[in-house]
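Hi,

Here is the structure I said I would pass on. My notes on it follow below.

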Amino acid sequence: MATPLTADRLLKALRDEGLEVHEYRDWRTHNRNSKGPWGPVNGVMIHHTVTQGTDSSVELCYEGHSALPGPLCHGVIDKAGVVHMVGHGRANHAGLGDSDVLRAVVDESALPPDNEADTDGNRHFYGFECINLGDGEDPWPEAQKLAIEKVSAAICRAHGWTQRSVIGHLEWQPGKIDPRGFTMDSMRGRIAKRLGAKPDGPAPKPPAQYEPFPGADFFRSGRVSKIITAMGKRLVAEGCGRYEEGPSPDWTEADRKSYAAWQRKLGYSGDDADGVPGKTSWDKLRVPNV
């Protein structure tokens with residue numbers, strides 16, 4: 001039984017265990033605390049998402065859906081082993097479960113069968129959703145299982161718990177099957193072994209990147225356009241200054257439409273997306289210094 005870790009302490013614990021952690025939107029203040037208490041916390045609960053795709057799964061776990069508002073967990077563990085933080089505080093992940101199971105988690109003893117749903121689990125457990133269809137066929141990459149092991153060990157280490165404080169949703173609430181594809185006993189064995197050694201230390205920081213700007217995703221995608229290439233060459237030639245002249249006389253209507261589409265990708269609209277390069281558009285575009 002413990003007071004929940006602050007967002008900063010939780011983030012540090014995960015990274016000190018050697019995990020790559022991404023912070024999604026305003027996860028630090030995103031919670032369901034208005035609907036009930038958060039804490040004391042007693043353990044970590046592992047789930048599978050029944051979804052595919054990292055971006056859509058992270059968004060779903062942050063937003064929730066019409067029947068169950070988000071956050072649906074505290075973090076999402078993707079197939080590559082990256083942890084995406086989506087909430088801090090009470091989260092809609094555990095639901096009602098067995099009070100005997102909670103007692104065993106508190107005592108760190110063998111788990112009894114989960115045959116009742118009489119206790120609020122959202123109050124007592126950190127929850128982590130792992131991207132997997134849960135059909136018994138979708139694979140669990142080793143990088144993902146290692147991240148589950150590290151996430152669980154990091155939180156247990158921070159609270160002074162053993163591996164017995166980590167359970168699966170299927171061990172908490174009658175009728176649940178997640179996580180499906182590995183056993184929680186095998187995962188607890190991995191966690192116990194990790195807790196017997198020192199943490200791996202902070203993961204290397206990713207390379208510094210420019211701050212996001214309108215159209216950043218388009219440029220990161222590596223897609224090629226003759227118009228964009230020509231504009232880029234002109235900007236470089238002029239020291240990335242404003243491009244104030246009109247389009248070349250030999251531009252076709254197709255060229256103008258292509259450039260207009262590029263302007264829209266950059267986030268412009270109206271007169272600033274007319275397919276004609278001009279001072280107004282470049283004044284509004286904030287680009288990194290090069």
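E17 is buried, since its relative accessibility is 1% (buried means under 20% relative accessible area, exposed over 50%, partly exposed in between, with a 1.4 Å probe and protein chains only). Before you read on: this is a predicted model, where local features need pLDDT of at least 70, side-chain atom pairs count only at pLDDT 80 or more, and totals for chains, interfaces and linings use all residues. Residues are numbered from 1 along each chain as its sequence is written, and side-chain values use heavy atoms, leaving out hydrogens and water.

E17 pairs with R157 in a salt bridge, 2.8 Å from N to O (a side-chain nitrogen of Lys or Arg within 4 Å of a carboxyl oxygen of Asp or Glu). R157 sits in helix α4 (residues 142-159) and E17 in the loop between α1 (7-16) and β1 (21-23), so the bridge ties together parts 140 residues apart in sequence. Helices (H or I, at least four residues) and strands (E, at least two) are DSSP runs, numbered from the N terminus. R157 itself is partly exposed, at 28%.

The whole structure has 17 salt bridges. Another one joins D120 and R90, also at 2.8 Å, N to O. R90 is buried at 8% relative accessibility, while D120 is partly exposed at 23%.

Then there is helix α2 (residues 54-63), whose buried residues are S57, V58, C61 and Y62. Just after α2, G64 has a positive phi of about 75°.

Cheers
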